[in-house]
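Please open the model in your viewer and keep the selection tool at hand. The stops below are taken one after another.

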Amino acid sequence: MFNWAKQTLANVVGTEEPIYGPSAIRSIAEDAKTTPYTEINRNDLKWEAMDSTCVETQVFYFMAESGHVAFVQVIYSNVAGIRTTCQFNSKTFYPDPSKPHLWSSTPLSHIEFSEDKNSFYATDCAVELSEDGTSYTIKSMNDPQAIVNLKVTKTAPGFVAGKDGKTLVGTDLSNPWGSMRHAFWPRCTAEGSIMTKDGPIDFKGKSMFVHALQGMKPHHLAARWNFANFQGPTYSATLMEFTTPPSYGTTVVDVGSIVKEGEIITAGCTCSAKHLKTKQDTENEWPEPTDIRYDWSGTTKDGKTVEAVIETPLEDKIDRIDVMAEVPGFVKKIVAGAAGTKPYIYQFYPRNIPVELKLKIGDQEITEKGQLFCEATFISATE
C-alpha cells in the first residue's frame, strides 16, 4: 500500500520512486542477445506523441566543414496527460572557443503532425521526413537570432537495438508502465544554414540523428547518461548509455554502432562508456569527466568479430547545462529535496588533440582520426 501511494505521488509530482529492483526492467540488451539490431525504415520514425507522461525528442547533430558544431532539437513533453508542451532548441559552437556559443530555446505553438506521424509542424517550424525516408528538412523561424534551414540525408542505414529498440519498465513487464526507445541515423551528410545576427553559418558537413522516446518521467528512467558521436572520413561511431536509478536496480543500458558509408559494420548493446579520470564540480559535487573511454564489440553480417575503442582526454568542456536553471530557486530546492535530482549536462568537443577510433574487423586493424562530440549527464544518485 505504501509503495502504491509513493508511486502515485511520484507520477504526479516527480518524487523518488520505491525500490522495485532489477526485476522491474527488461533492458533492450536482452532482446539484442538474439537480434543485435534491426535496420529501420520510414515507418519506424513516427512520432508517438503519447497522451500520458513522456518526453519525445528528435535531435540532429552537426559537424560543419567550417569548424562549427551544432545541434537542433524538437522536444515534445506531456505531464500526466494534463499539459503538453513543445520546444525548439538550437545550439551552435564556434570554431573559436573564446566566442560564446549561440543558444536558442523557443516554445512552440499550434502543434500538428502529418497524417502518417512522420513529420512535425508548429507555427514557424517544420521537421519533415522525405517521402523516400532518406532525409529530413528542419526549418524554424521562431527565433530571429537563429533561423534554422537545414537538411540531413542518411548515408548509412538507420537502426534500433534488438527488434524494436524498447527497454520496458514495470512490475508486470507484459503490461509495462514505462519505456525507453532510441532510433538512430548514425552517419549522415548535412547542408543548409543557421542565420544569425552576424550572418549565415553554413553547415555543409557531417551529421547524425536520434529519435528518442522516454515513456514516463525522464528522471525516473535514468539517473546518468553518456553519449558519444564520432565522425571520421570513413567511419562513424555512436554510443548512447543510460543508468537507471536504484528503483530499477541501477541497471546500465547501452546502444551503439560502428558504421561506414552505406553499411552498418556492427550495432547493438555490447558497448560501454567509462570515465577514466574525473574532477569534482565544486558547484554541484558531480564528478565531471576529464578522460573518457568508449568500447564497442560485435560481429559483422558475415560473422567477423569487431572491436573498437576511443580513449581520449576531453580538454575543457564546451558547456555545462544546469537543466533546472529556468526553474525558480525555491522550486528547484523542493524538487531536488523530493526527487533527489540535480540534473547537469557536460558537453565536450576536443579540438586540440586528434581523437582516434581504433577499429579491428576480423584481422584488419584500422585507426582513423575524426571529430568527437560527447556528453556526460548526471541527474540523481545511483547509490
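Contact here means heavy atoms within 4.5 Å. This is a predicted model, in which local features need pLDDT of at least 70 and side-chain atom pairs count only at pLDDT 80 or more, while totals for chains, interfaces and linings use all residues. Residues are numbered from 1 along each chain as its sequence is written, and side-chain values use heavy atoms, with hydrogens and water left out.

Select T238 to begin, in strand 18 (residues 235-243), strands being DSSP runs of E with at least two residues, numbered from the N terminus. Leaving aside residues up to four places away in sequence, T238 touches P186, M208, A228, N229, V255, G256, S257 and W296. With S257, the side chains make a polar contact at 2.7 Å (a pair of N or O atoms within 3.5 Å, where within protein one must be able to donate a hydrogen and the other to accept it, and residues adjacent in sequence count only if both atoms are side-chain atoms). T238 has 1% relative accessibility and therefore counts as buried (under 20% relative accessible area, with a 1.4 Å probe and protein chains only).

Next, select Y136 and W185, an aromatic pair that is tilted, at 5.1 Å centre to centre and 50 degrees between the planes. Rings of Phe, Tyr and Trp (its six-membered ring) pair if their centres lie within 6.5 Å, and planes under 30 degrees apart count as stacked, over 60 as edge-to-face and the rest as tilted. Y136 is buried at 0% relative accessibility, and W185 is likewise buried at 0%.

Finally, select Y61, F71, F93, F227 and F373, which form one aromatic cluster.

Key. Helices (H or I, at least four residues) and strands (E, at least two) are DSSP runs, numbered from the N terminus. Buried means under 20% relative accessible area, exposed over 50%, partly exposed in between (1.4 Å probe, protein chains only).
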